[in-house]
Amino acid sequence: MSLTLNIDPARVARARELAGRIVDQVQPFIERHTTTAIERAVVRLFGVEGKGPDDVPLANLLVESLQDGGGLDRGAAYWLANACKQTGRTPRQVAEAVAGGELDLMQLPRLPQEEIRAEAERLARMALDRIRQNRRTREELIGRYGERPAPWLYLIVATGNIYEDVVQAQNAARQGADVIAVIRSTAQSLLDYVPEGPTTEGFGGTFATQENFRIMRRALDEVGAELGRYIRLTNYASGLCMPEIAALGALERLDMMLSDSMYGILFRDINPKRTLIDQHFARMIQAEAGIIINTGEDNYLTTSDAYEAAHTVLASQFINEQFAHRSGMPDSQIGLGHAFEMDPSLEDGLLYEMADALLSRTCFPNAPLKYMPPTRHMTGDIFMGHVMDAMFNLTSVATGQQIHLVGILTEAIHTPYLHDRFLALENAKYVINYARHFTEEFQVRPGGRIERRASEVLERTLGLLEQIAERGLFQAIADGVFAGIRRPADGGKGLDGVLARGEGYLNPFYDLCLKGGGGR
(Lines give C-alpha, C1' and ligand atoms only; values in the text may rest on other atoms or scores of the structure.)
Protein backbone atom coordinates (compact mmCIF):
# COMPACT_ATOMS: atom_id res chain seq x y z
CA MET A 1 0.00 0.00 0.00
CA SER A 2 1.41 3.41 -0.98
CA LEU A 3 0.90 6.91 0.32
CA THR A 4 -2.31 8.62 -0.72
CA LEU A 5 -2.59 12.11 -2.13
CA ASN A 6 -5.54 14.43 -1.71
CA ILE A 7 -6.10 16.36 -4.93
CA ASP A 8 -9.29 17.67 -6.50
CA PRO A 9 -10.77 14.89 -8.67
CA ALA A 10 -12.62 17.50 -10.71
CA ARG A 11 -9.29 18.98 -11.81
CA VAL A 12 -8.07 15.54 -12.84
CA ALA A 13 -11.28 14.98 -14.80
CA ARG A 14 -10.78 18.35 -16.49
CA ALA A 15 -7.24 17.38 -17.52
CA ARG A 16 -8.54 14.14 -18.99
CA GLU A 17 -11.29 16.01 -20.86
CA LEU A 18 -8.77 18.44 -22.36
CA ALA A 19 -6.46 15.60 -23.41
CA GLY A 20 -9.41 13.88 -25.06
CA ARG A 21 -10.21 17.05 -26.97
CA ILE A 22 -6.58 17.33 -28.12
CA VAL A 23 -6.54 13.75 -29.39
CA ASP A 24 -9.95 14.08 -31.03
CA GLN A 25 -8.57 16.95 -33.12
CA VAL A 26 -5.89 14.63 -34.51
CA GLN A 27 -7.80 11.35 -34.73
CA PRO A 28 -9.71 12.09 -37.99
CA PHE A 29 -6.39 12.82 -39.70
CA ILE A 30 -4.99 9.53 -38.40
CA GLU A 31 -8.01 7.59 -39.66
CA ARG A 32 -7.77 9.09 -43.17
CA HIS A 33 -4.17 8.00 -43.68
CA THR A 34 -1.94 4.97 -43.71
CA THR A 35 1.83 4.55 -43.88
CA THR A 36 4.29 2.20 -45.51
CA ALA A 37 5.09 0.85 -42.03
CA ILE A 38 1.44 0.01 -41.33
CA GLU A 39 1.14 -1.77 -44.66
CA ARG A 40 4.33 -3.74 -44.00
CA ALA A 41 2.92 -4.65 -40.58
CA VAL A 42 -0.20 -6.05 -42.26
CA VAL A 43 1.97 -8.07 -44.65
CA ARG A 44 3.97 -9.49 -41.74
CA LEU A 45 0.82 -10.29 -39.77
CA PHE A 46 -0.38 -12.24 -42.82
CA GLY A 47 2.72 -14.43 -42.38
CA VAL A 48 5.31 -12.89 -44.68
CA GLU A 49 8.76 -13.41 -43.18
CA GLY A 50 12.21 -13.63 -44.75
CA LYS A 51 14.23 -11.69 -47.27
CA GLY A 52 14.60 -11.45 -51.02
CA PRO A 53 17.34 -10.20 -53.35
CA ASP A 54 20.13 -8.16 -51.72
CA ASP A 55 18.82 -9.24 -48.30
CA VAL A 56 15.89 -6.80 -48.53
CA PRO A 57 12.96 -8.00 -46.36
CA LEU A 58 10.11 -9.48 -48.39
CA ALA A 59 7.65 -7.17 -46.62
CA ASN A 60 9.54 -4.13 -47.91
CA LEU A 61 9.81 -5.48 -51.45
CA LEU A 62 6.09 -6.22 -51.64
CA VAL A 63 4.98 -2.86 -50.24
CA GLU A 64 7.47 -0.94 -52.36
CA SER A 65 6.16 -2.66 -55.50
CA LEU A 66 2.64 -1.48 -54.63
CA GLN A 67 3.81 2.01 -53.80
CA ASP A 68 5.77 2.28 -57.06
CA GLY A 69 2.73 1.02 -58.97
CA GLY A 70 0.43 3.58 -57.34
CA GLY A 71 -1.79 1.02 -55.63
CA LEU A 72 -0.72 1.17 -52.00
CA ASP A 73 -3.53 3.59 -51.11
CA ARG A 74 -5.96 0.63 -51.40
CA GLY A 75 -3.97 -1.23 -48.76
CA ALA A 76 -1.52 -4.11 -49.06
CA ALA A 77 -4.21 -6.44 -47.71
CA TYR A 78 -6.37 -5.80 -50.79
CA TRP A 79 -3.70 -6.84 -53.30
CA LEU A 80 -2.28 -9.68 -51.23
CA ALA A 81 -5.70 -11.22 -50.54
CA ASN A 82 -6.62 -10.94 -54.23
CA ALA A 83 -3.42 -12.74 -55.23
CA CYS A 84 -3.74 -15.47 -52.58
CA LYS A 85 -7.33 -16.19 -53.55
CA GLN A 86 -6.58 -16.40 -57.27
CA THR A 87 -3.28 -18.27 -57.18
CA GLY A 88 -3.82 -20.54 -54.18
CA ARG A 89 -0.47 -19.43 -52.79
CA THR A 90 0.26 -18.39 -49.22
CA PRO A 91 1.09 -14.71 -48.52
CA ARG A 92 4.77 -15.62 -48.18
CA GLN A 93 4.77 -17.48 -51.49
CA VAL A 94 3.11 -14.50 -53.15
CA ALA A 95 5.72 -12.16 -51.65
CA GLU A 96 8.54 -14.41 -52.87
CA ALA A 97 7.05 -14.39 -56.37
CA VAL A 98 6.85 -10.59 -56.30
CA ALA A 99 10.45 -10.35 -55.06
CA GLY A 100 11.59 -12.71 -57.82
CA GLY A 101 9.91 -10.62 -60.50
CA GLU A 102 7.50 -13.36 -61.60
CA LEU A 103 4.32 -11.76 -60.23
CA ASP A 104 2.94 -8.21 -60.42
CA LEU A 105 0.08 -7.92 -57.94
CA MET A 106 -1.51 -4.99 -59.72
CA GLN A 107 -1.64 -6.80 -63.06
CA LEU A 108 -3.72 -9.69 -61.75
CA PRO A 109 -7.45 -9.61 -62.51
CA ARG A 110 -9.41 -8.28 -59.55
CA LEU A 111 -11.98 -10.45 -57.86
CA PRO A 112 -15.20 -8.91 -56.56
CA GLN A 113 -14.61 -6.68 -53.54
CA GLU A 114 -16.57 -8.95 -51.20
CA GLU A 115 -14.41 -11.97 -52.12
CA ILE A 116 -11.20 -10.02 -51.56
CA ARG A 117 -12.47 -8.73 -48.22
CA ALA A 118 -13.45 -12.22 -47.11
CA GLU A 119 -10.00 -13.58 -47.96
CA ALA A 120 -8.28 -10.66 -46.20
CA GLU A 121 -10.39 -11.26 -43.10
CA ARG A 122 -9.53 -14.97 -43.18
CA LEU A 123 -5.82 -14.16 -43.23
CA ALA A 124 -6.22 -11.55 -40.50
CA ARG A 125 -8.17 -13.95 -38.27
CA MET A 126 -5.34 -16.48 -38.55
CA ALA A 127 -2.91 -13.85 -37.26
CA LEU A 128 -5.26 -12.79 -34.48
CA ASP A 129 -5.79 -16.41 -33.46
CA ARG A 130 -2.03 -16.78 -33.00
CA ILE A 131 -1.78 -13.49 -31.10
CA ARG A 132 -4.66 -14.42 -28.80
CA GLN A 133 -3.17 -17.84 -28.15
CA ASN A 134 0.04 -16.11 -27.09
CA ARG A 135 -2.01 -14.02 -24.71
CA ARG A 136 -3.65 -17.12 -23.24
CA THR A 137 -0.25 -18.78 -22.86
CA ARG A 138 1.03 -15.78 -20.92
CA GLU A 139 -2.04 -15.76 -18.69
CA GLU A 140 -1.73 -19.51 -18.06
CA LEU A 141 1.94 -19.23 -17.08
CA ILE A 142 1.29 -16.29 -14.78
CA GLY A 143 -1.63 -18.23 -13.25
CA ARG A 144 0.65 -21.21 -12.68
CA TYR A 145 3.49 -19.27 -11.08
CA GLY A 146 1.64 -16.35 -9.49
CA GLU A 147 2.77 -12.72 -9.54
CA ARG A 148 5.43 -11.07 -7.41
CA PRO A 149 4.20 -7.87 -5.76
CA ALA A 150 4.93 -4.59 -7.52
CA PRO A 151 7.15 -2.89 -8.28
CA TRP A 152 8.40 -5.35 -10.90
CA LEU A 153 12.16 -5.07 -11.31
CA TYR A 154 12.95 -4.20 -14.93
CA LEU A 155 16.51 -4.70 -16.15
CA ILE A 156 18.23 -3.91 -19.45
CA VAL A 157 20.57 -6.09 -21.51
CA ALA A 158 22.46 -4.51 -24.39
CA THR A 159 25.39 -6.56 -25.71
CA GLY A 160 24.69 -6.33 -29.45
CA ASN A 161 24.73 -10.12 -29.74
CA ILE A 162 21.43 -11.94 -29.16
CA TYR A 163 23.20 -15.03 -27.83
CA GLU A 164 25.18 -12.97 -25.30
CA ASP A 165 21.93 -11.18 -24.41
CA VAL A 166 20.43 -14.56 -23.56
CA VAL A 167 23.24 -15.33 -21.10
CA GLN A 168 22.89 -11.93 -19.42
CA ALA A 169 19.09 -12.06 -19.39
CA GLN A 170 18.92 -15.49 -17.78
CA ASN A 171 21.47 -14.48 -15.15
CA ALA A 172 19.54 -11.29 -14.45
CA ALA A 173 16.36 -13.32 -13.93
CA ARG A 174 18.20 -15.61 -11.52
CA GLN A 175 19.38 -12.53 -9.62
CA GLY A 176 15.82 -11.23 -9.25
CA ALA A 177 14.76 -9.35 -12.39
CA ASP A 178 11.07 -9.65 -13.30
CA VAL A 179 11.27 -7.91 -16.70
CA ILE A 180 14.09 -8.10 -19.25
CA ALA A 181 14.39 -5.28 -21.78
CA VAL A 182 16.56 -5.91 -24.83
CA ILE A 183 17.92 -2.57 -25.97
CA ARG A 184 17.99 -2.06 -29.73
CA SER A 185 21.12 -1.36 -31.71
CA THR A 186 21.94 2.35 -31.88
CA ALA A 187 19.75 4.18 -34.42
CA GLN A 188 17.61 1.17 -35.40
CA SER A 189 14.63 3.48 -34.90
CA LEU A 190 15.83 5.37 -38.01
CA LEU A 191 15.87 2.26 -40.24
CA ASP A 192 12.78 1.99 -42.45
CA TYR A 193 12.95 -1.80 -42.44
CA VAL A 194 13.19 -4.60 -39.88
CA PRO A 195 16.27 -6.83 -40.32
CA GLU A 196 15.71 -10.56 -40.71
CA GLY A 197 17.17 -13.43 -38.73
CA PRO A 198 19.35 -13.62 -35.60
CA THR A 199 21.91 -10.83 -35.23
CA THR A 200 25.26 -10.69 -33.42
CA GLU A 201 26.76 -7.32 -34.41
CA GLY A 202 24.61 -4.56 -32.94
CA PHE A 203 26.17 -1.42 -31.50
CA GLY A 204 25.01 -0.40 -28.01
CA GLY A 205 22.21 -2.95 -28.26
CA THR A 206 20.84 -5.84 -30.33
CA PHE A 207 18.70 -5.44 -33.44
CA ALA A 208 14.99 -6.03 -32.96
CA THR A 209 14.10 -8.86 -35.36
CA GLN A 210 11.44 -11.54 -35.31
CA GLU A 211 14.01 -14.29 -34.86
CA ASN A 212 15.72 -12.43 -32.02
CA PHE A 213 12.33 -12.10 -30.34
CA ARG A 214 11.83 -15.86 -30.66
CA ILE A 215 15.28 -16.65 -29.26
CA MET A 216 14.86 -14.43 -26.21
CA ARG A 217 11.27 -15.54 -25.56
CA ARG A 218 12.41 -19.16 -25.56
CA ALA A 219 15.31 -18.36 -23.22
CA LEU A 220 13.13 -16.50 -20.71
CA ASP A 221 10.54 -19.29 -20.73
CA GLU A 222 13.34 -21.75 -19.94
CA VAL A 223 14.69 -19.75 -17.01
CA GLY A 224 11.15 -18.98 -15.87
CA ALA A 225 10.42 -22.71 -15.61
CA GLU A 226 13.66 -23.16 -13.68
CA LEU A 227 12.77 -20.37 -11.23
CA GLY A 228 9.04 -20.99 -11.04
CA ARG A 229 8.01 -17.49 -12.12
CA TYR A 230 7.07 -15.75 -15.35
CA ILE A 231 9.77 -13.44 -16.76
CA ARG A 232 8.45 -10.66 -18.96
CA LEU A 233 10.17 -9.62 -22.18
CA THR A 234 10.38 -6.05 -23.46
CA ASN A 235 11.64 -4.47 -26.67
CA TYR A 236 11.23 -1.20 -28.53
CA ALA A 237 8.58 -0.46 -31.15
CA SER A 238 9.23 3.27 -31.58
CA GLY A 239 10.73 4.72 -34.76
CA LEU A 240 10.03 4.32 -38.46
CA CYS A 241 8.98 0.66 -38.04
CA MET A 242 6.77 1.10 -34.98
CA PRO A 243 3.73 -0.85 -36.33
CA GLU A 244 5.90 -3.61 -37.83
CA ILE A 245 7.85 -4.26 -34.67
CA ALA A 246 4.64 -4.11 -32.63
CA ALA A 247 3.18 -6.80 -34.90
CA LEU A 248 6.28 -8.98 -34.51
CA GLY A 249 6.15 -8.54 -30.75
CA ALA A 250 2.53 -9.68 -30.74
CA LEU A 251 3.35 -12.71 -32.89
CA GLU A 252 6.27 -13.77 -30.65
CA ARG A 253 4.68 -13.12 -27.23
CA LEU A 254 6.51 -10.08 -26.00
CA ASP A 255 4.95 -8.74 -22.81
CA MET A 256 5.88 -5.07 -22.92
CA MET A 257 6.95 -2.72 -25.69
CA LEU A 258 8.16 0.86 -25.69
CA SER A 259 5.50 2.34 -27.93
CA ASP A 260 5.26 6.08 -27.53
CA SER A 261 3.43 8.69 -29.56
CA MET A 262 6.01 11.39 -28.77
CA TYR A 263 9.42 9.81 -28.17
CA GLY A 264 10.30 9.19 -31.82
CA ILE A 265 9.15 12.67 -32.80
CA LEU A 266 11.15 14.52 -30.18
CA PHE A 267 14.28 12.43 -29.74
CA ARG A 268 14.71 10.75 -33.14
CA ASP A 269 13.18 13.45 -35.38
CA ILE A 270 10.63 11.08 -36.89
CA ASN A 271 7.95 13.05 -38.71
CA PRO A 272 5.03 13.86 -36.34
CA LYS A 273 2.33 12.86 -38.82
CA ARG A 274 4.00 9.53 -39.55
CA THR A 275 4.43 8.77 -35.85
CA LEU A 276 0.88 9.59 -34.76
CA ILE A 277 -0.62 7.50 -37.56
CA ASP A 278 1.75 4.61 -36.81
CA GLN A 279 1.13 4.57 -33.06
CA HIS A 280 -2.62 4.10 -33.56
CA PHE A 281 -2.19 0.84 -35.48
CA ALA A 282 0.72 -0.37 -33.31
CA ARG A 283 -1.25 0.05 -30.10
CA MET A 284 -4.31 -1.58 -31.60
CA ILE A 285 -2.32 -4.76 -32.22
CA GLN A 286 -0.62 -4.51 -28.83
CA ALA A 287 -4.03 -4.18 -27.17
CA GLU A 288 -5.09 -7.47 -28.78
CA ALA A 289 -1.86 -9.12 -27.64
CA GLY A 290 -2.17 -8.00 -24.01
CA ILE A 291 1.15 -6.18 -24.36
CA ILE A 292 1.80 -3.42 -21.83
CA ILE A 293 3.10 -0.33 -23.61
CA ASN A 294 5.78 1.88 -22.07
CA THR A 295 5.63 5.57 -22.93
CA GLY A 296 8.64 7.85 -22.92
CA GLU A 297 7.79 10.92 -20.87
CA ASP A 298 10.82 10.25 -18.67
CA ASN A 299 13.00 11.37 -21.57
CA TYR A 300 11.62 14.93 -21.34
CA LEU A 301 13.54 15.31 -18.08
CA THR A 302 16.86 14.56 -19.72
CA THR A 303 16.62 17.84 -21.64
CA SER A 304 14.38 19.86 -19.30
CA ASP A 305 14.68 20.53 -15.57
CA ALA A 306 12.64 17.99 -13.62
CA TYR A 307 11.44 20.50 -11.03
CA GLU A 308 10.31 23.09 -13.59
CA ALA A 309 9.03 20.74 -16.32
CA ALA A 310 7.06 18.13 -14.33
CA HIS A 311 3.79 19.48 -15.74
CA THR A 312 4.90 18.66 -19.30
CA VAL A 313 5.35 15.02 -18.25
CA LEU A 314 1.87 14.87 -16.72
CA ALA A 315 0.26 16.61 -19.72
CA SER A 316 1.91 14.13 -22.08
CA GLN A 317 0.76 11.22 -19.91
CA PHE A 318 -2.84 12.38 -20.22
CA ILE A 319 -2.47 12.72 -24.00
CA ASN A 320 -0.78 9.32 -24.35
CA GLU A 321 -3.56 7.72 -22.32
CA GLN A 322 -6.18 9.12 -24.69
CA PHE A 323 -4.30 7.96 -27.79
CA ALA A 324 -4.10 4.47 -26.28
CA HIS A 325 -7.83 4.45 -25.53
CA ARG A 326 -8.56 5.36 -29.18
CA SER A 327 -6.66 2.19 -30.13
CA GLY A 328 -8.83 0.05 -27.87
CA MET A 329 -6.23 -0.31 -25.12
CA PRO A 330 -7.42 -0.69 -21.51
CA ASP A 331 -5.80 1.18 -18.63
CA SER A 332 -4.18 -2.05 -17.42
CA GLN A 333 -1.87 -1.99 -20.48
CA ILE A 334 -0.97 1.71 -20.50
CA GLY A 335 2.45 1.89 -18.84
CA LEU A 336 2.87 5.64 -18.64
CA GLY A 337 6.46 6.73 -18.07
CA HIS A 338 7.99 9.17 -15.60
CA ALA A 339 11.32 9.54 -13.82
CA PHE A 340 13.26 10.37 -10.66
CA GLU A 341 15.41 13.10 -12.17
CA MET A 342 15.65 16.15 -9.88
CA ASP A 343 18.98 17.72 -9.07
CA PRO A 344 20.32 15.89 -5.98
CA SER A 345 21.44 19.22 -4.50
CA LEU A 346 17.84 20.48 -4.34
CA GLU A 347 16.65 20.88 -0.77
CA ASP A 348 13.65 18.63 -0.07
CA GLY A 349 14.06 17.11 -3.51
CA LEU A 350 12.88 13.75 -2.18
CA LEU A 351 9.56 15.30 -1.15
CA TYR A 352 9.12 16.80 -4.61
CA GLU A 353 10.01 13.52 -6.27
CA MET A 354 7.42 11.76 -4.10
CA ALA A 355 4.85 14.43 -4.92
CA ASP A 356 5.34 14.03 -8.66
CA ALA A 357 5.28 10.22 -8.47
CA LEU A 358 2.18 10.25 -6.27
CA LEU A 359 0.47 12.66 -8.62
CA SER A 360 0.96 10.30 -11.57
CA ARG A 361 -0.24 7.35 -9.48
CA THR A 362 -3.32 9.30 -8.33
CA CYS A 363 -4.24 10.54 -11.81
CA PHE A 364 -3.81 7.07 -13.37
CA PRO A 365 -4.79 4.63 -10.62
CA ASN A 366 -5.24 1.62 -12.92
CA ALA A 367 -2.19 2.14 -15.14
CA PRO A 368 0.99 0.06 -14.65
CA LEU A 369 3.21 3.13 -14.32
CA LYS A 370 6.82 2.76 -15.41
CA TYR A 371 9.24 4.62 -13.14
CA MET A 372 12.70 5.46 -14.45
CA PRO A 373 15.85 5.91 -12.33
CA PRO A 374 18.17 8.91 -12.08
CA THR A 375 20.37 9.35 -15.14
CA ARG A 376 20.76 13.06 -15.89
CA HIS A 377 22.61 13.86 -12.66
CA MET A 378 24.69 10.69 -12.52
CA THR A 379 28.33 11.80 -12.67
CA GLY A 380 30.37 8.60 -12.58
CA ASP A 381 30.71 8.74 -8.78
CA ILE A 382 29.45 5.20 -8.21
CA PHE A 383 29.04 5.63 -4.46
CA MET A 384 26.84 8.71 -4.80
CA GLY A 385 25.04 7.01 -7.69
CA HIS A 386 24.23 3.99 -5.52
CA VAL A 387 22.75 6.29 -2.86
CA MET A 388 20.65 8.14 -5.47
CA ASP A 389 19.35 4.81 -6.75
CA ALA A 390 18.42 3.82 -3.18
CA MET A 391 16.35 7.02 -2.82
CA PHE A 392 14.70 6.21 -6.14
CA ASN A 393 13.92 2.69 -4.91
CA LEU A 394 12.35 4.09 -1.72
CA THR A 395 10.22 6.56 -3.69
CA SER A 396 9.05 3.79 -6.01
CA VAL A 397 7.77 1.48 -3.27
CA ALA A 398 6.33 4.41 -1.29
CA THR A 399 4.28 5.72 -4.22
CA GLY A 400 2.97 2.47 -5.66
CA GLN A 401 4.88 2.25 -8.94
CA GLN A 402 4.43 -0.99 -10.90
CA ILE A 403 7.30 -1.19 -13.41
CA HIS A 404 10.61 -0.18 -11.85
CA LEU A 405 13.60 0.23 -14.14
CA VAL A 406 16.52 -0.65 -11.88
CA GLY A 407 19.08 2.13 -11.52
CA ILE A 408 22.69 1.13 -12.18
CA LEU A 409 25.51 2.65 -10.11
CA THR A 410 27.81 2.87 -13.17
CA GLU A 411 25.33 4.96 -15.18
CA ALA A 412 27.30 7.57 -17.18
CA ILE A 413 30.45 5.39 -17.23
CA HIS A 414 29.86 2.34 -19.45
CA THR A 415 27.38 -0.31 -20.52
CA PRO A 416 26.82 -2.15 -17.24
CA TYR A 417 28.76 -5.29 -16.41
CA LEU A 418 27.03 -8.30 -14.87
CA HIS A 419 28.24 -7.38 -11.39
CA ASP A 420 26.91 -3.81 -11.82
CA ARG A 421 23.48 -5.24 -12.48
CA PHE A 422 23.82 -7.62 -9.54
CA LEU A 423 24.58 -4.74 -7.13
CA ALA A 424 21.71 -2.69 -8.58
CA LEU A 425 19.24 -5.54 -8.10
CA GLU A 426 20.48 -6.16 -4.56
CA ASN A 427 19.96 -2.46 -3.75
CA ALA A 428 16.42 -2.48 -5.16
CA LYS A 429 15.42 -5.75 -3.49
CA TYR A 430 16.79 -4.60 -0.14
CA VAL A 431 15.01 -1.23 -0.10
CA ILE A 432 11.71 -2.50 -1.49
CA ASN A 433 11.56 -5.38 0.99
CA TYR A 434 12.83 -3.33 3.94
CA ALA A 435 10.28 -0.55 3.33
CA ARG A 436 7.42 -2.66 1.93
CA HIS A 437 4.75 -1.38 4.39
CA PHE A 438 6.65 1.68 5.57
CA THR A 439 4.11 4.16 4.22
CA GLU A 440 1.14 2.50 5.89
CA GLU A 441 2.36 4.19 9.06
CA PHE A 442 2.30 7.70 7.57
CA GLN A 443 0.07 10.05 5.63
CA VAL A 444 0.63 13.05 3.39
CA ARG A 445 0.16 16.13 5.56
CA PRO A 446 -2.76 18.27 4.34
CA GLY A 447 -1.38 21.53 3.04
CA GLY A 448 2.20 20.28 3.36
CA ARG A 449 5.04 20.40 0.86
CA ILE A 450 4.02 17.22 -1.00
CA GLU A 451 0.39 18.22 -1.40
CA ARG A 452 1.26 21.79 -2.40
CA ARG A 453 3.76 20.58 -5.00
CA ALA A 454 1.28 18.11 -6.50
CA SER A 455 -1.47 20.73 -6.70
CA GLU A 456 0.87 23.21 -8.34
CA VAL A 457 2.00 20.67 -10.97
CA LEU A 458 -1.61 19.70 -11.70
CA GLU A 459 -2.63 23.34 -12.18
CA ARG A 460 0.30 23.98 -14.50
CA THR A 461 -0.67 20.82 -16.41
CA LEU A 462 -4.20 22.12 -16.88
CA GLY A 463 -2.86 25.42 -18.19
CA LEU A 464 -0.61 23.61 -20.67
CA LEU A 465 -3.39 21.31 -21.87
CA GLU A 466 -5.62 24.36 -22.39
CA GLN A 467 -2.93 25.90 -24.59
CA ILE A 468 -2.43 22.71 -26.59
CA ALA A 469 -6.18 22.27 -27.08
CA GLU A 470 -6.28 25.84 -28.40
CA ARG A 471 -3.38 25.61 -30.85
CA GLY A 472 -3.53 21.88 -31.72
CA LEU A 473 -1.06 19.12 -31.00
CA PHE A 474 0.94 19.43 -34.21
CA GLN A 475 1.52 23.13 -33.56
CA ALA A 476 2.38 22.52 -29.91
CA ILE A 477 5.03 20.00 -30.95
CA ALA A 478 6.36 22.47 -33.50
CA ASP A 479 6.54 25.14 -30.78
CA GLY A 480 8.71 22.94 -28.53
CA VAL A 481 6.18 22.47 -25.73
CA PHE A 482 7.61 19.06 -24.83
CA ALA A 483 11.26 18.73 -23.75
CA GLY A 484 12.02 22.11 -25.34
CA ILE A 485 12.48 20.39 -28.72
CA ARG A 486 10.78 21.84 -31.82
CA ARG A 487 9.52 19.44 -34.48
CA PRO A 488 7.46 20.90 -37.37
CA ALA A 489 4.57 18.83 -38.70
CA ASP A 490 6.11 18.47 -42.15
CA GLY A 491 9.71 18.00 -41.01
CA GLY A 492 11.73 15.04 -39.86
CA LYS A 493 12.15 11.57 -41.28
CA GLY A 494 9.48 9.39 -42.85
CA LEU A 495 6.90 11.82 -44.20
CA ASP A 496 7.32 10.25 -47.65
CA GLY A 497 5.87 7.08 -46.16
CA VAL A 498 2.53 8.74 -45.32
CA LEU A 499 -0.32 8.45 -47.80
CA ALA A 500 -4.03 9.16 -47.84
CA ARG A 501 -6.25 6.10 -47.89
CA GLY A 502 -7.79 5.66 -51.30
CA GLU A 503 -11.24 4.54 -52.36
CA GLY A 504 -11.87 0.97 -51.23
CA TYR A 505 -8.97 0.97 -48.77
CA LEU A 506 -8.78 -2.40 -47.03
CA ASN A 507 -7.14 -3.25 -43.73
CA PRO A 508 -9.21 -5.91 -41.95
CA PHE A 509 -7.45 -5.45 -38.61
CA TYR A 510 -9.21 -2.15 -37.93
CA ASP A 511 -12.63 -3.79 -38.02
CA LEU A 512 -11.59 -7.05 -36.37
CA CYS A 513 -9.80 -5.31 -33.50
CA LEU A 514 -11.43 -1.94 -32.90
CA LYS A 515 -14.99 -2.97 -33.74
CA GLY A 516 -14.82 -6.34 -32.07
CA GLY A 517 -15.31 -8.29 -35.27
CA GLY A 518 -12.63 -10.80 -34.37
CA GLY A 519 -13.67 -11.69 -30.85
CA ARG A 520 -11.17 -12.22 -28.04
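Visitor: Which residue in strand 3 does leucine 155 stand opposite?
Guide: In this predicted model, leucine 155 stands opposite isoleucine 180 in strand 3.

Visitor: How many bridges join strand 2 to strand 3, and do they run parallel or antiparallel?
Guide: Strand 2, which covers residues 152–157, is joined to strand 3 by four bridges, and the two run parallel. Between them the chain passes through helix 7, residues 162–175, and this β-α-β crossover is right-handed.

Visitor: Which way do the residues of strand 3 point, and are they buried or exposed?
Guide: Strand 3 is made of residues 179–182, and Val179 and Ala181 point one way from the strand while Ile180 and Val182 point the other way, with all of them buried.

Visitor: And strand 2, how many of its residues are buried?
Guide: Five of the six residues of strand 2 are buried, so the strand can be called mostly covered, by the cut-off of under 20% relative accessible area.

Visitor: What else does strand 2 pair with?
Guide: Strand 2 also pairs with strand 10, residues 403–405, in the parallel sense and over three bridges. One of the facing pairs there is tryptophan 152 with isoleucine 403.

Visitor: What about the peptide bond from alanine 150 to proline 151, is it cis or trans?
Guide: That bond is cis, with an omega near 5°, and proline 151 belongs to the loop that lies between helix 6, residues 113–145, and strand 2. As background, most peptide bonds are trans.

Visitor: Back to strand 3: what does it form with helix 8 and strand 4?
Guide: Strand 3, helix 8 (residues 210–227) and strand 4 make a right-handed β-α-β unit. Strand 4 spans residues 232–236, and it pairs with strand 3 in the parallel sense over three bridges. Within that pairing, alanine 181 has threonine 234 of strand 4 as its bridge partner.

Visitor: Why does the span of helix 8 agree with its 18 residues?
Guide: At 1.5 Å a residue, the 18 residues should span 26 Å, and because the end C-alpha atoms of helix 8 are 26 Å apart, the two values agree.

Visitor: Which residues in helix 8 are buried?
Guide: The buried ones include Phe213, Ile215, Met216, Leu220 and Val223, and Gln210, Asn212 and Arg217 are among them too. Just after the helix comes glycine 228, which takes a positive phi of about 75°.

Visitor: Which residues other than glycine have a positive phi?
Guide: Aspartate 55 is one of them, with a phi near 65°, and aspartate 269 is another, with a phi near 55°. Most residues other than glycine have a negative phi.

Visitor: Where are those two, aspartate 55 and aspartate 269?
Guide: Aspartate 55 is in the loop between helix 2 (36–45) and helix 3 (58–68), and it is exposed, with a relative accessible area of 54%. Aspartate 269 is in the loop between helix 10 (263–268) and helix 11 (272–289), and it is partly exposed, at 22%.

Visitor: New topic: which residues in the largest nonpolar core touch the most other members?
Guide: That core has 169 residues, and Leu266, Phe281, Ile319, Leu473 and Phe509 touch the most other members. Leaving aside neighbours within four places in sequence, phenylalanine 509 is in contact with residues including Val42, Leu45, Phe46, Phe281 and Leu514.

Visitor: Is asparagine 507 buried or exposed?
Guide: Asparagine 507 counts as buried because its relative accessible area is 7%, and it lies in the loop between strand 11 (498–500) and helix 19 (508–514). With neighbours within four places in sequence left aside, its contacts are Ile38, Val42 and Phe281.

How values were computed
Residues are numbered from 1 along each chain as its sequence is written. This is a predicted model: local features need pLDDT of at least 70, side-chain atom pairs count only at pLDDT 80 or more; totals for chains, interfaces and linings use all residues. Side-chain values use heavy atoms; hydrogens and water are left out. Buried means under 20% relative accessible area, exposed over 50%, partly exposed in between (1.4 Å probe, protein chains only). Two strands pair if DSSP finds at least two bridges between them. A crossover is right-handed if, with the strands pointing away from the viewer, the path from the first strand over the helix to the second runs clockwise. A nonpolar core is a set of buried Ala, Val, Leu, Ile, Met, Phe, Trp, Tyr and Cys residues joined through side-chain atoms within 4.5 Å. Contact means heavy atoms within 4.5 Å. The expected span of a helix is 1.5 Å times one less than its number of residues.
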